[in-house]
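Work through the exercises below with the sequence and the model at hand. Try each task before reading its solution.

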Amino acid sequence: MALPDLAALEADARRELAAASDAAALDGWRTRYLGRKGRLTGVLRGVRDLPAADRPAIGKGANALKGTLEAAFDERREALLRGASVAQAAASVDVTLPARSLPQGQLHPVTLTRRAMEGVFREMGFDIVEGPEVEWDSYNFDRLRIPRDHPARDMWDTIWIDPEDAGGPAEGAEPPPRRLLRTHTSPMQIRYLETHRPPIRVIVPGACYRYEATDATHEWMLTQIEGLVIDEGVSFPNLKGTLESFVHRFLGPDLETRFRCDYFPFVEPGAELGIRWGGRWLEVLGAGMVHPEIIEAAGLDPERYTGFAFGMGVERFAMLRYGIDDIRYFYANDLRFLEQFRGSAT
Ligand code: DAH
């Protein structure tokens, strides 16, 4: 009996495998060579019928060839799969199409307005500083002459960080300090005075928070710009001139303005500035002469140093600037609203 010709078998197998170009051809090849009735399987089965002297060499060779052909099969199958997915991708992707554009971000209308307001104040010689949004009650209230239990605290409904001490302070002791989300930017007046000496001329832009129901003109989060000017000889006319100049530069030179008395615990006297807008008077900011007790508490002689302070809402000015009639649009995150400010200048 002729010995099986493993070399010829391998040559046939390799040639046919190289020619197999789809799944069906691959399958057929495997059946023909490695299947139950395949050529190589036949050789392996026949080894036991060979003369004893030939058995080891042929058996070993056939086994090795089995491994070789299985590896060649896997390799060929992978190559075909890879080729197919490349061809598929090439058919479904038109690489000549222009790229899809990514949505491009833009500045929020309140940010645009804040920056524009800052620009006007900068031209008028103000520095810009910022303070913490999480604040101690002493800065937000007490040192601004709004003591605990003072009815003026009702002007600012507060979101507290620290809970009210459940047991209450021991008899005669100071109540423990509590943190809150600042209800206004005025606490920065106190902080700034801790580290700076006159002449002082700064504005403090930043977010403030109030625990109150929202409506068309109130939000629980708002952006304020605080102003503080302290020097020798600063007078109420300086306050009026500065703030009138600001609204004229920001909203228009022909704008009618009026000052009226208002109460804020940290100024004396206090005032509000109104503008004539759409045939009606509209209050746009609070202001006043810095209270002498605050100047004194800062270690300055109130006989020598005087100053004024003011606070205004940026959203209010953004509404005037863009003709928006509901403050709640700003933070509703509706792109149909926000995208209208694309390309707007600061
Ligand atoms: N902090 C006040 C508020 O949030 C606004 C204000 C009024 C600020 C008078 C001032 C000021 O600096 O002098 O309602």
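The model is predicted: local features need pLDDT of at least 70, side-chain atom pairs count only at pLDDT 80 or more, and totals for chains, interfaces and linings use all residues. Residues are numbered from 1 along each chain as its sequence is written, and side-chain values use heavy atoms, with hydrogens and water left out.

**Exercise 1.** Determine how the axes of helix H2 and helix H3 are arranged.

Solution. Helices (H or I, at least four residues) and strands (E, at least two) are DSSP runs, numbered from the N terminus. Axes are lines fitted to C-alpha atoms, for helices over the stretch in contact, and angles run from 0 to 180 degrees between N-to-C directions. The axes of H2 (residues 23-34) and H3 (residues 39-46) cross at roughly 15 degrees and come within 3 Å. H2 is therefore roughly parallel to H3, a label for angles under 35 degrees. Where they meet, with contact meaning heavy atoms within 4.5 Å, H2 supplies Arg-32, Tyr-33 and Leu-34, and H3 supplies Arg-39, Leu-40 and Thr-41.

**Exercise 2.** Compare the end-to-end reach of helix H8 with its expected span.

Solution. The expected span is 1.5 Å times one less than the number of residues. H8 (residues 236-251) has 16 residues, and 22 Å is expected. From first C-alpha to last, H8 reaches 22 Å, close to that value. Just after H8 comes Gly-252, with a positive phi of about 140 degrees.

**Exercise 3.** Find which residues of H8 are buried and where they lie around the helix.

Solution. Buried means under 20% relative accessible area (1.4 Å probe, protein chains only). In H8 the buried residues are Leu-239, Thr-242, Leu-243, Phe-246, Val-247, Phe-250 and Leu-251. Seen down the axis of H8, they fall within an arc of 125 degrees, so they line one face of the helix. The arc is that of the directions from the helix axis to the C-beta atoms. Among the packing partners of these residues are helix H5 (109-123), strand S7 (257-262) and helix H10 (314-322).

**Exercise 4.** Locate Arg-148 and list its contacts.

Solution. Arg-148 is in the loop between helix H6 (137-140) and strand S3 (159-160). Leaving out residues up to four places away in sequence, Arg-148 touches Asp-137, Asp-142, Arg-153, Pro-175, Pro-176 and Arg-178.

How values were computed
Parallel < 35°, antiparallel > 145°, perpendicular 65-115°, else oblique. Buried < 20%, exposed > 50% of the residue type's maximum accessible area, 1.4 Å probe, protein only.
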